[in-house]
Amino acid sequence: MNISRLLCWTVPIFLWNGFRLLLFVVSLTPGFFRFAWYYTVSADRVSVRYGQESIRQTLDVYRSAKRVPDEAGEHKCLLTGVNSPVLVFYTGGGWIIGYKMWGSLLARALTAAGIVV
């Protein structure tokens, strides 16, 4: 009786839930790639060390970069940050397992408004 219940009821539910989880991961993948691209390539981010005890003792500083046309009509990146408001953002969740990339989404939104994060 227990084997038939396992084969007829539990295994199909397990497979269906695994399939749903796979679809969920596939649907979120483009957003993760866009997020990783912003953090690693396109953000004007400077990593500053504040201690020597661990390689993880760094913080990220994000400056805004505004595109301004020059005399030739080409758009150049103008870094702001002089006399700009500054926001200090501490990510919560855990000092041991926290990942500082999580704060880059907030930094992306605030640097567009000219705030240094």
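Which element of the chain has the lowest mean pLDDT, and which the highest? Strand β4 (residues 75-79) has the lowest, 53, and helix α1 (residues 2-42) has the highest, 84. Here pLDDT is the predictor's confidence in each residue, from 0 to 100. Helices (H or I, at least four residues) and strands (E, at least two) are DSSP runs, numbered from the N terminus. Where pLDDT is low, the predicted coordinates should not be read in detail.

The model is predicted: local features need pLDDT of at least 70, side-chain atom pairs count only at pLDDT 80 or more, and totals for chains, interfaces and linings use all residues. Residues are numbered from 1 along each chain as its sequence is written, and side-chain values use heavy atoms, with hydrogens and water left out. Across the chain the mean pLDDT is 76. A pLDDT of 70 or more is reached by 76% of the residues.

The chain contains two helices and four strands. Their order along the sequence is α-β-β-β-β-α. Contact means heavy atoms within 4.5 Å. Among contacts with a separation of 6 or more, 46% join residues 24 or more positions apart.

The largest nonpolar core has nine residues: Phe 35, Tyr 38, Tyr 39, Ala 43, Tyr 62, Met 101, Ala 107, Leu 110 and Val 117. Such a core is a set of buried Ala, Val, Leu, Ile, Met, Phe, Trp, Tyr and Cys residues joined through side-chain atoms within 4.5 Å. Two elements, α1 and α2 (104-111), each give two or more residues to this core. Helix α1 supplies the largest share, three residues. Ala 107 touches Tyr 38, Tyr 62 and Val 117, leaving aside residues up to four places away in sequence.

Ile 115 lies in the segment after α2. With residues up to four places away in sequence again left out, Ile 115 touches Tyr 62, Pro 85, Val 86, Leu 87 and Leu 110. Ile 115 and Asn 83 are 32 residues apart in sequence, and their C-alpha atoms are 9.8 Å apart in space.

Leu 15 belongs to helix α1. Is Leu 15 buried or exposed? Leu 15 has a relative accessible area of 55%, so this residue counts as exposed.

How values were computed
Buried < 20%, exposed > 50% of the residue type's maximum accessible area, 1.4 Å probe, protein only.
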